[in-house]
Every structure is written in C-alpha cells, then in structure tokens.
Amino acid sequence: MRRRGERGMSSIVGMFLLGVMLFAGLGLLTLERQAARAGIGYEDEVRLRLLAQSEAERLAVTFERGGARAGSILTAKGTVLAQQETARDGLSCVTRAYGKDGELIVSALASRGNEDRLLSIGSYVRAKAHLRKGEEGEGYVWLGWLP
C-alpha cells in the first residue's frame with residue numbers, strides 16, 4: 001500500500017493537463033476575438049458601400065427626372081457638374097457628377113471619419129453610376145453601375 005513515488009507524478013500530470021487546457025482556452029479566445037474584429041470590419045465596409053450607392057442614386061435621380069435643377073447643374077462639359085457632401089454616423093460622402101457628350105458619370109466616395117471603428121480593407125468605398133441623355137425630354141436614363 002505504499003505508493004510514495006506515484007503521488008508526485010500524478011500531481012505533475014494533473015498540472016500539465018491543466019496548462020494544456022489553459023493554452024487551448026487562450027487560443028480559442030484569440031480566434032473568437034479575431035472573428036469579432038473581422039465581423040466589425042465587414043459591417044463597416046458594407047455601411048460605406050451602401051452609403052456611397054445611396055448617395056450616387058440620390059444625385060442620379062435628379063438627373064433622371066430632368067427639370068429645372070438638373071438644367072441648372074448641367075452647365076459645363078467634361079468638368080465637375082455637381083458636388084454634394086453629406087455626413088452621418090461618423091461616415092461622410094462626397095458626390096460628384098461628370099458629363100461629356102450626352103453621357104453622365106455620377107461618382108460617390110464614402111469614407112469614415114470615426115477612428116474608433118475597425119475596417120479591415122480600406123477606409124473608403126467608391127460607387128459610380130452611368131447615365132445617358134434620354135431620347136424624349138431632358139432627363140437621363142440609368143445604364144447601371146460602373147466598376
């Protein structure tokens with residue numbers, strides 16, 4: 001019944017297993033933190049893309065409808081025709097329209113001004129819409145998004 005040599009060995013094996021479990025837990029915690037940061041970065045990127053697209057569409061609707069406002073904006077060819085700036089929730093967006101030969105490019109650049117959020121890929125997103133002068137009337141026709 002005397003097992004003097006086994007008492008110390010079982011304590012050492014128990015402490016070793018406890019250390020392995022501690023390192024495994026720290027590894028899982030690190031993986032979870034990285035996944036959370038990637039999720040926040042994706043959310044910020046989607047918010048920027050949606051803001052840029054919505055602001056580009058908002059200005060494009062002005063040109064699609066035509067009317068007095070679109071006529072007053074369309075004064076030069078090949079230069080900046082319209083510029084708008086909006087800011088909300090720490091994000092800002094600058095929208096511009098370029099025109100040439102009956103074609104119109106509406107470009108929106110959304111960027112983040114808030115430094116406490118994480119963004120994995122970049123801090124800005126650009127969206128470009130392509131419009132063409134309509135056949136009947138003074139409005140423009142939506143042709144789609146440009147890469």
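The side chains of Arg 58 and Glu 55 form a salt bridge, with 3.4 Å from N to O. A salt bridge here is a side-chain nitrogen of Lys or Arg within 4 Å of a carboxyl oxygen of Asp or Glu. Side chains of opposite charge can pair when their charged atoms come close. A search of the whole structure finds 1 such bridge. The model is predicted: local features need pLDDT of at least 70, side-chain atom pairs count only at pLDDT 80 or more, and totals for chains, interfaces and linings use all residues. Residues are numbered from 1 along each chain as its sequence is written, and side-chain values use heavy atoms, leaving out hydrogens and water.

Both partners lie in helix H1, 3 residues apart, so about one helical turn separates them. Their surroundings can be read from relative accessible area: buried is under 20%, exposed is over 50%, and partly exposed is in between (1.4 Å probe, protein chains only).

| Residue | Relative accessible area | Class |
|---|---|---|
| Arg 58 | 47% | partly exposed |
| Glu 55 | 1% | buried |
| Leu 17 | 47% | partly exposed |
| Leu 91 | 11% | buried |

**Overall layout**

The protein chain has 2 helices and 5 strands. From the N terminus, the order is α-α-β-β-β-β-β. These elements are DSSP runs, numbered from the N terminus: helices (H or I) have at least four residues, strands (E) at least two. Of the 147 residues, 25% are buried. Contacts (heavy atoms within 4.5 Å) with a separation of 6 or more were also counted; residues 24 or more positions apart account for 44% of them.

**Core**

The largest nonpolar core holds 19 residues. Such a core is a set of buried Ala, Val, Leu, Ile, Met, Phe, Trp, Tyr and Cys residues joined through side-chain atoms within 4.5 Å. Phe 63, Ala 97, Leu 104, Val 106, Ala 110 and Leu 131 have the most contacts inside it. Helix H1 (4–65) and strands S2 (91–100), S3 (103–112) and S4 (124–133) each give two or more residues. H1 supplies the largest share, 7 residues.

Leu 91 sits in strand S2. Leu 91 and Asp 44 are 47 residues apart in sequence, yet 9.6 Å apart in space, C-alpha to C-alpha.

**Surface**

The accessible surface of the chain is about 10300 Å², and carbon and sulfur atoms hold 57% of it. Areas come from the Shrake-Rupley method with a 1.4 Å probe.
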